[in-house]
Amino acid sequence: MSTKPAVAQEQVFDAFRRWGYLAARLDPLDYWHPPGHPELDAAGPAHHARNIYCGTIGADFMHLPDPAQRRWIQERMESAAPAVDQPAILERLIRAQLFEQVLQSRYLGTKRFSLEGITSLIPLLDEILESAAGRGCEYAVVAMSHRGRLNVMHHIAARPAHEVFAGFEDVDPRSVLGSGDVKYHLGATGTYRTRSGRAVNIHLASNPSHLEVVAPVAMGRTRAKQARLGKDGHLRCMAILMHGDAAFAGQGVTAEALALGGLRGFRTGGSVHIIVNNLIGFTTSPGELHPSPFSADLAKRLPIPIFHVNAEDPDAVVRAGRMALDFRYAFQSDVVVDLIGFRRHGHSEVDDPTITQPRLYARIQAHPLLWESYAKKLGADAVPQAEAIRAEFEAEQKKAEALEKTPLLRTLPPYWSAYKGGDHDPAMEVDTGLPAENLAAITQALTAVPADFHIHPKVKRLLDERARMGRGEKPVDYGMAEALAFGSLLRQGVPIRLSGQDSRRGTFNHRHSVLIDTATETEYVPLGHVAGGQARFDAYNSMLSEAAVLGFEYGYSRDYPEALVLWEAQFGDFANGAQIVIDQFIAAGEDKWGLLSGVVLLLPHGYEGQGPEHSSARIERFLQLAAEDNIQVCQPSDAAQYFRLLRRQALRAWRKPLVVFTPKSMLRHPEALSPLGDFSRPRFQTLVPDREVERAERVLICTGKIGHELKIERRKRKDTRTAVWFLDQLYPFPEAEFAAELARHPEARELVWVQEEPANMGALFYVLPLLERVAAGRPVRSVKRSASASPATGSAKAHELEQRTLITLALATSA
Ligand SMILES: Cc1ncc(C[n+]2csc(CCOP(=O)(O)OP(=O)(O)O)c2C)c(N)n1
C-alpha cells in the first residue's frame, strides 16, 4: 500500500492542528463569526480532523516551540473525551444561575456584575480545583475582577450565600466612613471541598477597579506562599487568574504579568489563566478591542497554550479545564482557558445594552438559560431541583437581611498575627543598633570569597574597602550600610527578597550582592553566607517593567510579613510606571481592605544634572497619598540612617509600606558617610538636627543631598548661626521631635524649607503648613526651583547654575 494517502492525511491533520481553532464553534450565540483559514477550506467539510479541532474546543498550541508540549496537547485532543460528571455540572449551573436571579429579584437596580451568560465558569473552576487537588494542591490564590465575583465568592471560596448577600444590605455604613470598598472588590477566603473530599484553601485576592493589575499581585502572593511551603511549594499552591476579554487584550500589565511568570525570580510553576470572555467590554465590541481575532492572542507572544472553549458546552468546558490544569502540572507552564460566552445584561444590571448592541441583545433575550438547555440535553427534569435551590438562596437572603453587621469574608493566615497596622504607636519602636563586634563578624562574611573564586579586580577593591569600613578604619558608605543591614537581619532570621532592574549589582555600581566569577561566570552571594542557619537572601534582576514587578513584590509582602521585601526602581523617576500599584494597593490597601504590607520601595532621587527623567522620584506624589499613617516616606541623610531605617522596617511589628528616596551621587559623598560607631546608636532619627550649630538664628530644613551641599557652603562662609536640619522622615511627620529641637534654639528667627525640586513639586506643599504649625509664629519661607512642567533641566550647566542659585538664596538672610 502506498504511504501517500497517509502522508496527505497527516498534512491535513496538521493544518487542523495549526488553524482549526480559527474555524471552531466557539460563540454560543453564533453571532461572532470565526475567521476560518484557507488551508482548512481546502480539506473539505467532513474530515475527522475538523470534528476534533473545529468543535467547541479550539486549541491554539502550534506556536509552542517544545515538541513534547505540542505532542501532549495533540494526543489529548485526538483521544476520546474523558467522562464528566454531568449531574454535578448541572447542579452547579443551576446554582450559579439562581444565585444571580435571587440577587436580581431582591436587589433590583443594584450593580452586581452578574455571571449570567457565562455560568459555566463555576463548573470550569470546579474541575480545575478538583484536578489540582488530585495532584496535591492545597492552596489556590485566585484573582478576578467584578464579573461573577460574588458568585465565585460563594461557590468557590465557599463563603455562605448570606454573607455575600449581606454586602447588598449595607447595614453599618458608619463603620466604614471614608474607608472600605465596594462588595465586588473584596477579597474572600474559604475552604473549597472537592467531590473526592479534599480541601483546597482559596484566597480570592482583594483588588481595585483598575483591571488586570491584581494579576501580578496574586502571582507574588502565590510565590510567597510557595516559598513558605518549601521545596514542592509550586505543587501545593497555584494561582488561578481570571480576566475580562477587553481587559486582557488592552491592559499592558497583562503582557508584563505573563512574561514575569516565565522568569526565574518570579515564576510560580504556571498560572492557570481564564478569560471570562463575554465578547464585549462595557459597550465596546471585540473588533474595537483587539486587532487579532481573539482577546487571548496576546498570550501567543510566549510559549503558552490557549484553549478556547464554547461556554455553552459544559462538558467541553470541563474537558478544557482538565487539560489546562494537567498541562500546568505536566510542564509547570502558564496556560490559558478562553471561556467564550455572552453577557445576559448590560455591563452592570443598571446599564441598557440595547442602545449599543441592539441586534446582539435581541438574540440574547431569546436565548435559553444554560442549565435549561443542558438539562434538556441530558434528558433530565431539573425544574424541581431548581425550585429547591431557589428556596435555599431565598432563605439565605432573609438571613442576610437580619444581620446587624456586615460579615468579614476573610480570615488572615496565622503568620499575620504578630503584626500590626493602624496608627503609629511609639511603643512599637525597637532598637536597631548593633555593637562593633557584631558588625565585624558580618563584615568578615560579606568581604570574603571562596578560595577558588576568580574575583573581578574592581570588585576585589570594593570588598577590601568594605572590609576596612567594617573594621572601623574608614567611614561606612551606603552600599556597605545596606549590606550590613541585610547581613544583620539575615542573621536574626529575617528573610530578604530584593528585586528591580539591575538590582543585583545595583544601577550605580553600589550593591554587588551577587559576585560573578570572571573565569566561569558562576555566582557567589556573600549574603547567603553570613551565619549558619541564617534566613534566605534572594536578589533578582527583574525584567524591564515597573507595574508588574512592584505588584508582584507587594503581593509577596502580603504573604510574607516576616520578610523584608524590597523593590528598587532603576531611577525613582520610573516608579510612575507602577503608579496604579502605588495608588491602589500600597497607599490604599489598608484603608480599603484592612490588609497590611511592609514592602519597601527604593527610589533613587536627587538633582544631579542628569535631565528631566533622572532626577525626581516625585516626592510630592507620595506625600499626597499619605494619610492615616498609611505609608512611611523617608530620605535617610547618611549611611547609618539608611542602616537603621531598613532594620527598623524589618524588626518593628508595625507593617507599613516604606518609600525610601535613595542616593545616587550621595552614595559615596563624604558628608553622607557614617563612622562605624554610628551603627550602634539605637534609633532611626526622623529629624536629624545640626550639632555643628549651638544657637541657630535661622534653621534651614531640607531632605537629602541639598542638605549636605548647604552644610559645605555654610562652612565655607563661616556662618555659625544657620543650622541645617534633615527631615529624614517626611511622613509620618515627626512633629514632637521637631518642636523639641526647635525649643533648643530660642534665638531662631525664621525657618526656611529648602528643596531642589521646582515649586510645584517636592515636599513643599505638604511640609509648609506643618512647619508653620511647629514654628509657633516664626516666619517660614521656602527656597526652591521655579515652578516647572518637567522636573529638571536637560543641561548639566543649567543645572549647576540653578543649584548655585538655590544654595545662595537659602543661605542669604531675609531682610
Ligand atoms: C484600567 C481600567 N480602565 C477602565 C475601567 C472601567 N471598566 C470597568 S469594566 C470595563 C469593561 C471590562 O470589560 P471586560 O474586561 O471584557 O470585562 P467584562 O466586564 O465584560 O466582564 C471597563 C472599561 C477599569 N475598571 N479599569
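## Helix packing: α4 and α14

Helices α4 and α14 cross in a right-handed sense. A crossing counts as right-handed if the near helix is turned clockwise from the far one by less than a right angle, and as left-handed if anticlockwise. Helix α4 covers residues 67–78 and helix α14 covers residues 314–331. Their axes come within 11 Å and cross at roughly 155°. The two helices are therefore roughly antiparallel.

The terms work as follows. Helices are DSSP runs of H or I with at least four residues, strands are runs of E with at least two, and both are numbered from the N terminus. Axes are lines fitted to C-alpha atoms, for helices over the stretch in contact, and angles run from 0 to 180 degrees between N-to-C directions. Angles under 35 degrees count as roughly parallel, over 145 as roughly antiparallel, 65 to 115 as roughly perpendicular and the rest as oblique.

## Basis of the model

This is a predicted model, in which local features need pLDDT of at least 70 and side-chain atom pairs need pLDDT 80 or more, while totals for chains, interfaces and linings use all residues. Residues are numbered from 1 along each chain as its sequence is written, and side-chain values use heavy atoms, with hydrogens and water left out.

Helix α9 (residues 214–229) packs on helix α21 (residues 547–558) at about 40°, with the axes 6 Å apart. That makes α9 oblique to α21. Their crossing is right-handed.

Helix α27 (residues 735–743) and helix α28 (residues 764–775) have axes that come within 10 Å and cross at roughly 45°. They are therefore oblique to each other. Here too, α27 passes α28 in a right-handed crossing.

## Ligand site

The ligand is surrounded by 15 residues (each with a heavy atom within 4 Å of the ligand). The closest are H146, R147, S209, D245 and A247. The shell divides into 5 nonpolar, 8 polar and 2 charged residues. In this count Ala, Val, Leu, Ile, Met, Phe, Trp, Tyr, Cys and Pro are nonpolar, Asp, Glu, Lys and Arg are charged, and the others, Gly among them, are polar. Helix α11 (residues 245–250) gives the most to the shell, with 3 residues.

Several atom pairs stand out. A side-chain N or O atom of D245 is 2.7 Å from a ligand oxygen. A polar side-chain atom of R147 lies 2.9 Å from an oxygen of the ligand. At S209, a polar backbone atom is 2.9 Å from a ligand nitrogen. Taken alone, the ligand exposes 580 Å², and the protein buries 75% of that (Shrake-Rupley method, 1.4 Å probe).

## Backbone exceptions

Most residues other than glycine have a negative phi, and most peptide bonds are trans. F113 is not a glycine, yet has a positive phi of about 55°. F113 sits in the loop between α5 (86–106) and α6 (121–134).

Y731 and P732 are joined by a cis peptide bond, with omega about -10°. P732 lies in the loop between β20 (729–731) and α27.

Methods:
A polar contact is a pair of N or O atoms within 3.5 Å; within protein, one must be able to donate a hydrogen and the other to accept it, and residues adjacent in sequence count only if both atoms are side-chain atoms.
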